[in-house]
Amino acid sequence: MHEEHSLFARAAELAAVYVAGLGDRPVAQPVDLAVLRRAFGEELPRESSPPYAVIDELARIAENGLVATAGPRFFGLVIGGALPSAVAADILAAGWDQNSFNPALSPAAAAAEDVAGGWLKELLGIPATASTGFVTGGQAANTVGLAVARHHVLAQAGWDVERDGLAGAPALRVVASAERHATIDRSLRLLGIGTRAIEEVAAGPQGAIDVADLARVLAAGAGATIVCLQAGNVNTGACDDLRAACTLAKRHGAWVHIDGAFGLWAGANPATATLVDGLELADSWACDGHKWLNVPYDSGFAFCAHPALHAETIAYRAPYLTGSAELSRMGDLTLEASRRARVFAVWAALRELGRDGVAELVDRCCRLARLFAAILAEGGAEIANDVVLNQVLVGFGDDDRTDAIIEAVQRDGTCWLGGTTWRGRRYLRISVSNWSTTEPDVERSAAAILRAAAH
């Protein structure tokens with residue numbers, strides 16, 4: 001036991017040293033993957049090694065291949081950092097090693113999921129009666145939501161998809177924006193619905209769904225219909241008019257799923273809550289914790305307004321599963337039977353921040369995104385979107401020049417951001433999602449971008 005205590009303390013110490021240095025280290029640095037692979041080893045050793053030496057070796061080898069995604073100047077993709085309490089809770093979760101499939105295997109995880117799920121719904125504005133599945137991220141949450149949608153709309157048409165499959169089933173319509181997130185298409189492929197089922201709706205100038213065109217598409221067809229809406233366009237941050245779109249979809253008897261991987265968090269901040277007005281009218285929602293809640297990877301949430309349908313679609317039963325008769329809990333609401341207790345980090349983050357802290361975190365990131373846009377615009381850059389949340393699209397004239405600037409910024413290491421193509425143009429895409437990002441971080445990063453643009 002003493003050896004294990006020393007080993008775990010050493011791992012925690014190494015992690016703490018890394019986290020403490022996130023603000024000072026280059027966000028990313030060039031690495032030769034072939035060299036790194038050789039450092040990790042080519043053949044599996046025949047002999048055992050002391051655990052303490054293994055952990056030290058791992059930390060040493062991995063050091064140059066780590067990207068400071070958890071640091072204050074990582075603005076690529078929409079990746080949050082990790083709050084101190086959430087990291088510590090994840091360390092505990094690893095030590096406890098709970099399989100949180102059902103309450104029999106982990107009463108503590110079951111209770112934490114009940115409480116944290118209630119807190120999340122209250123913060124986001126999702127009905128308190130909805131079910132909550134703690135999944136790996138937005139992809140899994142979208143897949144769960146669309147699986148329940150598939151079940152429901154086909155059952156309404158007299159078809160049992162779980163028993164009879166999709167061969168011979170009534171045709172499914174998936175009505176979705178031209179600017180939907182790619183995970184929607186992937187979920188449709190995985191669920192056997194296929195992307196040919198998508199009936200595309202035009203998007204407005206900032207990427208939100210065109211409600212008038214939604215009305216046209218819905219009226220032009222009939223049958224089992226799923227409508228996919230979006231809170232937080234991945235490029236611009238724009239949110240669909242959820243109240244108008246949900247109301248319209250319901251008139252046509254459609255199931256409404258909202259992909260709100262990061263944008264649903266707008267509902268937790270009074271200053272941005274109007275962007276997601278009407279979200280409570282939907283049937284299912286997808287959201288991430290490892291984005292704006294700033295918990296360690298991986299963490300997401302699949303909410304459903306119809307808990308019995310949620311469990312009926314996703315759960316599986318077997319005589320050997322102690323406690324498996326209890327519906328609407330834990331593994332019955334997610335795609336995994338083997339589930340790490342990611343809820344402990346979620347509970348810790350919510351407990352650390354409280355309602356006001358979550359609102360302040362969202363509000364601060366939005367303010368810093370606007371500061372980014374203002375500094376870069378003053379320096380001659382083109383800001384292509386209305387900065388309504390935490391996303392900023394930055395252009396520097398022609399596409400080749402913009403891509404060259406992205407590459408130069410990534411080499412520089414001051415900050416990290418990626419590129420995107422939107423409306424036929426190449427842009428730098430800045431996402432401000434980290435609890436530890438400050439105004440000086442933004443000013444320093446904007447200066448690095450403008451330096452790269454000056455060469």
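Select Gln391 first: the bridge partner of Gln391 in strand S11 is Ser431. Strands here are DSSP runs of E with at least two residues, helices are runs of H or I with at least four, and both are numbered from the N terminus. The model is predicted, so local features need pLDDT of at least 70 and side-chain atom pairs count only at pLDDT 80 or more, while totals for chains, interfaces and linings use all residues. Residues are numbered from 1 along each chain as its sequence is written, and side-chain values use heavy atoms, with hydrogens and water left out.

Next, select residues 391-395 and 425-431. These are strands S9 and S11, which run antiparallel and are joined by 4 bridges; two strands pair if DSSP finds at least two bridges between them.

Move to the rings. The structure holds 7 aromatic pairs; rings of Phe, Tyr and Trp (its six-membered ring) pair if their centres lie within 6.5 Å, and planes under 30 degrees apart count as stacked, over 60 as edge-to-face and the rest as tilted. Select Phe75 and Phe372: this pair is edge-to-face, 5.0 Å centre to centre with 90° between the planes. Phe75 sits in the loop between helices H3 (51-62) and H4 (84-96), and Phe372 in helix H12 (residues 343-378), 297 residues apart. Both Phe75 and Phe372 are buried (under 20% relative accessible area, with a 1.4 Å probe and protein chains only; exposed is over 50%, partly exposed in between).
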